[in-house]
Amino acid sequence: SQANFEEDSQKQPAVGHWKTLMPSKGSKEEPEAGCQDAGGADETQSTEQLNVSRLRSSSVEIREKGSEFLKEELHKAQKELKLKDKECERLSKVREQLEQELEELTASLFEEAHKMVREANTKQAASEKQLREARGKIDMLQAEVTALKTLVITSTPSSPNRELHPQLQSPSKAVFRKGHGRNKSTSSAMVSAASQNVTPEPVSHERKEVDSILFAEFQAWKESPTLDKSCSFLDRIYREDVGPCLDFTKQELSELVRVAVEQNTLTIEPVASQTLPVVKVSAEECGGPKKCALSGLPRTCRHRIMLGDSGNYYYISPSCRARITAVCNFFTYIRYIQQGLVRQDVELMYWEVMRLRREMSLAKLGFYPSEM
């Protein structure tokens, strides 16, 4: 711009340059005209220099002001950028905190849900276990009621029981009822028979004689009944009857059966009444309708057993069922004595125990009723 200005100023005529209209009268006027031209040129040049210096100073001033303005704007922009960075950092922290809280909340909800499911499963398992135990107790009570019915002496006017009424028999044929009484009529019958001094004689007309050692052991046990097999009475029966009767080919399963019988947690049911799920053990271990799980022999199995609440069923043959039933009948009777449910003479209870021992002996030898 400065170059254009200088070029324009050179093209314009110099200020104060006048052209003479009249011819000069002498040589004296010519030097004056030359002086005037030189003075005008100097003035023009100084004016141009002044204008150029002014333009330069104004350009520098504008440039400085523009630079300061730009610096201020840049400083403001930097401040705003820092504030925005801080705001972004704060928002980022807030987002991370919210994400963490959301994850913790989700994890706690899942954990609570799993906890509720576990508690529900535990309650369901406990309820199912109680249901199985209740069913087992009902089955046990039904079996005990059936056993009690077979032991209770009944009589009707149309068909009197000669064992209950000894007066209907000849004095020589009056006999005692084997077994243990469950009601007052049985005890009264025993008392009436004893009052008539009738000699006790078994129905099969076999003779009996009390073994003094066995009777002494039973009397000692009867003073304080217990199921602890360390006493001499039960120790002998375990060695001579219970152990051999529950000694099957499958030793491991035999031990489980013995423990279940002792703890009164063994269940026997007909195979036809299968209402529970299929067993969870292998077919070789549980046997089948055509194979006994205890003996391992091919036999027709009409019953199966369950040990406790395991849910596993084992098919058993009639012979094995007779052996297990004989042992269960023995333990049931001594439990009745321990609970004070048998109110008989000690000798009568002793002979009932001997009868149950004889059933175990016959069962372990392979004898069992045809209805099994």
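In the predicted model, R304 stands opposite Y315 of strand β3, strands being DSSP runs of E with at least two residues and helices runs of H or I with at least four, both numbered from the N terminus. Residues are numbered from 1 along each chain as its sequence is written, and because the model is predicted, local features require a pLDDT of at least 70 and side-chain atom pairs a pLDDT of 80 or more, whereas totals for chains, interfaces and linings use all residues. Side-chain values rest on heavy atoms, with hydrogens and water left out.

Strand β2, which spans residues 303-307, is joined to β3 by four bridges, and the two strands run antiparallel; strands are taken to pair if DSSP finds at least two bridges between them. Five bridges join β1 to β2, again in an antiparallel arrangement, and I305 of β2 is the bridge partner of I268.

Strand β2 is mostly covered, with five of its five residues buried, where buried denotes a relative accessible area under 20%, exposed one over 50%, and partly exposed the range in between (1.4 Å probe, protein chains only). The side of β2 to which H303, I305 and L307 point is opposite to that of R304 and M306, and all of these residues are buried.

Helix α8 (residues 318-338) comprises 21 residues and reaches 30 Å from its first C-alpha to its last, close to the 30 Å expected at 1.5 Å a residue, the expected span being 1.5 Å times one less than the number of residues. Because 17 of its 21 residues are buried, α8 is largely enclosed by the rest of the structure. The helix is followed by G340, whose phi is positive, near 75 degrees. The axes of α5 (residues 232-245) and α8 come within 9 Å and cross at roughly 155 degrees. The two helices are therefore roughly antiparallel to each other, on a scale that counts angles under 35 degrees as roughly parallel, over 145 as roughly antiparallel, 65 to 115 as roughly perpendicular and the rest as oblique. Their contact (heavy atoms within 4.5 Å) involves L234, I237, Y238, V242, P244 and C245 of α5 together with R323, V327, F330, F331 and I334 of α8.

A search of the whole structure finds zero disulfides, defined as pairs of cysteine sulfur atoms within 2.5 Å. C320 is accordingly in no disulfide, the nearest cysteine sulfur, that of C292, being 3.6 Å away. With a relative accessible area of 3%, C320 is buried.

By contrast, P298, found in the loop between α7 (283-286) and β2, counts as exposed at 60% relative accessibility. P298 touches K290 and K291, residues up to four places away in sequence not being counted. P298 and G288 are ten residues apart in sequence and 9.0 Å apart in space, C-alpha to C-alpha.

Key. Axes are lines fitted to C-alpha atoms, for helices over the stretch in contact, and angles run from 0 to 180 degrees between N-to-C directions.
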